[in-house]
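Student: I have a structure open and want to learn how to read it. Can we go feature by feature?

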Amino acid sequence: MQYGPAVRRRKLGAELRSLRARAGLTSGQAAGLVGWHQSKVSRIETGSSGVKPPDVRLLLDVYGVEDPELRELLLVLAGSDDGGVRQNWWHAYRGVLPPTYRDFISLESQASAMRTLETSVVPGLLQTPEYARAVTRAAVGSVEDAKLDTLVEVRLARQDVLRSNPPLELTAVLDEAVLRREVGGPEVMTQQLERLLEAAKLPQVRLQVLPFAAGAHIGITGPFVIFSFPSRSDLDVVVLDHLTSSLYLERKEDLQAYSEAFDTLRFHALSPKDTLDYIAALGDGS
């Protein structure tokens, strides 16, 4: 999965297949024009094989695709570092990170917006180093200090997406339990609450707390993330995390259901301003 997760490959392949058909070419004809075997084109179009950015450019040239926005988008899907695409820095940690985590980081680095419901812990993009260490140690159990240091380093490096140009737009709904759960001890939690207050002041970050008083809610079954991508809503992806794996949902029905669920959660949550007041009060011990 060097050039992105499977869901990206499938979407890229489907788009290239559509562009080839629009150009009036068979897969065999397209392969002949670029000097490949027909099976390579087929593997790319079905998403069963990754494709390097230079090969995508070659196909786009053959298909007569000149639209710069479309070309850039497809290169993003291929994992290109061109334009505003954030570099695949996580490749340096390939020996430490499981494939599902690398896939998640790939999506996060390429997305333009992220909507997330968190029911247990502060979103990774907003964690302090101390909080990240406590959460990581709890999640992975017994692990040597060197590997723990590396995992925390990766989590903190992910936060660069909030400072890139353009930055990732983050909208997070936090169940009250996230703020009440004492991770790492009182001092760590105090620092973490301060970090949330700082982050909430950024124009690209919107936080809302879902209080216990809201009762049972549609997100009670568990946390989820919705990634959105520039200009193309049909490329959006929902990610559900499990203990040993992640599930990627890309059907329109699933995307609509989770988008509507997120809107409902935001409706029942405190407003961004009231959320700031609430977090500040918790930090003061109120």
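This is a predicted model: local features need pLDDT of at least 70, side-chain atom pairs count only at pLDDT 80 or more; totals for chains, interfaces and linings use all residues.

Student: Where does Ala 92 sit in the chain?

Tutor: Ala 92 is in the loop that connects helix H5 (68–77) and helix H6 (99–110). For a sense of scale, take Gly 215. The two C-alpha atoms are 44 Å apart in space, and the residues are 123 apart in sequence.

Student: Now a helix. Which residues of helix H4 are buried?

Tutor: H4 spans residues 53–62, and its buried residues are Pro 53, Asp 55, Val 56, Leu 59 and Leu 60. Look at their directions around the axis. They cover an arc of only 155°, so they are on the same side of H4.

Student: What follows H4?

Tutor: Gly 64 follows, with a positive phi near 70°.

Student: What does Thr 136 touch, leaving aside its neighbours within four places in sequence?

Tutor: Thr 136 is in contact with Leu 148, Leu 151, Val 152 and Arg 155.

Student: On to the sheet. In what order do the strands lie?

Tutor: The order is E3-E2-E1-E4-E5-E6. These 6 strands make an open sheet with mixed pairing. Direction ignored, neighbouring strands are turned by 15° against each other on average.

Student: Do strands E5 and E6 run parallel or antiparallel?

Tutor: Antiparallel. Strand E5 (residues 237–241) is joined to E6 by 4 bridges. For one partner in E6, check Leu 249, which bridges to Val 238.

Student: How do I describe a pair of aromatic rings?

Tutor: Use the distance of the centres and the angle of the planes. The whole structure holds 5 aromatic pairs. In one of them, the ring centres of Phe 104 and Phe 227 are 5.2 Å apart and the planes stand at 65°, so the pair is edge-to-face. The cut-off for edge-to-face is over 60 degrees.

Student: Which parts of the chain does that pair tie together?

Tutor: Phe 104 lies in helix H6 and Phe 227 in strand E4 (residues 224–228), so the pair ties together parts 123 residues apart in sequence. Both Phe 104 and Phe 227 are buried.

Student: What about Phe 224 and Tyr 258?

Tutor: Phe 224 and Tyr 258 form an edge-to-face pair, 5.0 Å centre to centre with 70° between the planes. Phe 224 is in strand E4 and Tyr 258 in helix H11 (residues 252–268), so this pair links distant parts of the chain, 34 residues apart.

Student: Are these two residues buried or exposed?

Tutor: Phe 224 counts as buried, at 5% relative accessibility. Tyr 258 is at 23%, so Tyr 258 counts as partly exposed.

Student: Which residues form an aromatic cluster?

Tutor: Trp 89, Trp 90 and Tyr 93 form one cluster.

Student: And where does Lys 40 lie?

Tutor: Lys 40 is over the face of Trp 36, 4.0 Å from the ring centre.

Notes: Residues are numbered from 1 along each chain as its sequence is written. Side-chain values use heavy atoms; hydrogens and water are left out. Helices (H or I, at least four residues) and strands (E, at least two) are DSSP runs, numbered from the N terminus. Buried means under 20% relative accessible area, exposed over 50%, partly exposed in between (1.4 Å probe, protein chains only). The arc is that of the directions from the helix axis to the C-beta atoms. Two strands pair if DSSP finds at least two bridges between them. Axes are lines fitted to C-alpha atoms, for helices over the stretch in contact, and angles run from 0 to 180 degrees between N-to-C directions. Rings of Phe, Tyr and Trp (its six-membered ring) pair if their centres lie within 6.5 Å; planes under 30 degrees apart count as stacked, over 60 as edge-to-face and the rest as tilted. A charge sits over a ring if NZ of Lys or CZ of Arg is within 6 Å of the ring centre and within 35 degrees of the ring normal. Contact means heavy atoms within 4.5 Å.
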